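Trainee: Could we go through this entry together? I would like to begin with the whole chain and then turn to particular places.
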Amino acid sequence: MTDTDIRTDWTRDEIADLFDLPFDALMFRAQTTHRAHHAAGEVQLCTLLSIKTGGCPEDCGYCSQSAHADSGVKATKLMDPRAVLQMAAQAKDSGSQRFCMGAAWRNPKDKDMPAIVEMVKGVRQMGMETCMTLGMLTPAQAGMLADAGLDYYNHNIDTSPERYAEVITTRTFGERLETLEHVREAGINVCCGGIVGMGETRSDRVGFIHALATLPRHPESVPVNALVPVKGTVLGDMLADTPLAKIDDIEFVRTVAVARITMPMSMVRLSAGRESMSEATQALCFLAGANSIFTGDKLLTTGNRGDDADAALFAKLGVRPMVAEEPMRVAAELVG
């Protein structure tokens with residue numbers, strides 16, 4: 001398969017057929033696809049920092065940072081860029097290749113952009129890839145981030161278009177896509193994925209992958225999160241009452257594998273939920289084509305496995321951290 005063979009015309013039936021494959025056949029196809037486009041046994045190490053926590057006006061049912069949730073997360077102000085850069089330097093010293101910064105906003109205010117730009121430039125000067133997730137963007141804001149050298153912008157679609165309104169009501173699925181368009185037009189790489197284990201059906205997981213795999217250009221980074229149920233959030237409380245709604249490990253691995261097959265060039269990131277995954281489940285995810293993880297003890301507000309646990313798992317599996325390279329920027333003129 002060559003880059004020109006990358007498909008963006010997947011049908012839902014085709015994706016459903018992938019999910020239905022016998023597990024060994026699915027894994028073989030996913031690993032074959034992975035090795036055609038990525039180095040075997042290499043996983044990118046990324047660090048995620050909450051640069052502005054809590055108080056978000058959105059009502060995302062999974063999020064502990066929503067002002068609608070009773071999760072105990074306190075709202076904070078935007079961090080000082082110098083503190084952010086200090087954390088980035090520590091992450092680099094620990095082996096991270098990409099530094100991701102997230103702010104609990106519906107959208108950034110223009111007055112906040114100079115500080116955001118300073119953070120991006122500072123992290124880039126350290127030789128690390130940069131990623132931001134700040135909510136919805138205007139074209140002008142996307143342009144400012146591109147001028148600052150931002151490599152990736154994360155804006156997840158979260159779930160299938162059909163189930164989206166059951167999870168979030170304060171913005172539409174279409175508004176998510178509009179921000180992705182602004183990011184593309186600015187020439188920034190797209191990081192876009194979602195969350196499984198929110199009580200959705202397999203049909204919803206098919207729809208989630210279909211929405212990503214049929215974008216005009218696949219996201220360069222596709223995070224696949226397993227819901228971390230947080231008490232006080234809509235979905236956290238729902239799953240506490242109906243624990244059978246939680247996705248099982250094999251189905252989660254199937255989702256990773258189908259993402260790899262349908263989006264072969266993308267970095268598929270094993271994201272939230274790793275703290276509760278067994279080593280065997282994580283190993284299957286790597287076999288299915290996941291080649292990026294978040295390191296450290298904490299993501300935005302939830303726990304993570306920690307560097308020592310990851311190093312031990314990598315040693316046991318013979319997996320090695322990916323060597324940092326200069327990230328490839330998306331040429332704006334290539335956007336259709």
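Trainee: What percentage of the residues of the protein chain count as buried?

Mentor: Of the 336 residues, 56% count as buried, where buried means under 20% relative accessible area, exposed over 50% and partly exposed in between, with a 1.4 Å probe and protein chains only. Please note that this is a predicted model, in which local features need pLDDT of at least 70 and side-chain atom pairs count only at pLDDT 80 or more, while totals for chains, interfaces and linings use all residues. Residues are numbered from 1 along each chain as its sequence is written, and side-chain values use heavy atoms, with hydrogens and water left out.

Trainee: How many helices and strands does the chain have?

Mentor: The protein chain has 12 helices and 10 strands; these are DSSP runs numbered from the N terminus, helices being H or I with at least four residues and strands E with at least two.

Trainee: How do helix 4 and helix 5 pack?

Mentor: Helix 4 (residues 113-125) and helix 5 (residues 139-148) have axes 9 Å apart and an angle of about 30°. Axes are lines fitted to C-alpha atoms, for helices over the stretch in contact, and angles run from 0 to 180 degrees between N-to-C directions. The two helices are therefore roughly parallel to each other, since angles under 35 degrees count as roughly parallel, over 145 as roughly antiparallel, 65 to 115 as roughly perpendicular and the rest as oblique.

Trainee: Which residues make the contact?

Mentor: Helix 4 contributes Met-113, Ile-116, Val-117, Val-120 and Lys-121, and helix 5 contributes Gln-141, Met-144, Leu-145 and Ala-148; contact means heavy atoms within 4.5 Å.

Trainee: And what is the packing of helix 3 with helix 4?

Mentor: Helix 3 (residues 81-93) packs on helix 4 at an angle of about 25°, with the axes 9 Å apart. Helix 3 and helix 4 are therefore roughly parallel as well. On the helix 3 side, the contact is made by Pro-81, Val-84, Leu-85 and Ala-88.

Trainee: Changing topic, where is His-155, and is it buried or exposed?

Mentor: His-155 lies in the loop between strand 4 (152-154) and helix 6 (164-167). His-155 is buried, with a relative accessible area of 3%.

Trainee: Which side chain does His-155 join in a polar contact?

Mentor: The side chain of Arg-171, at 3.3 Å. A polar contact is a pair of N or O atoms within 3.5 Å; within protein, one must be able to donate a hydrogen and the other to accept it, and residues adjacent in sequence count only if both atoms are side-chain atoms.
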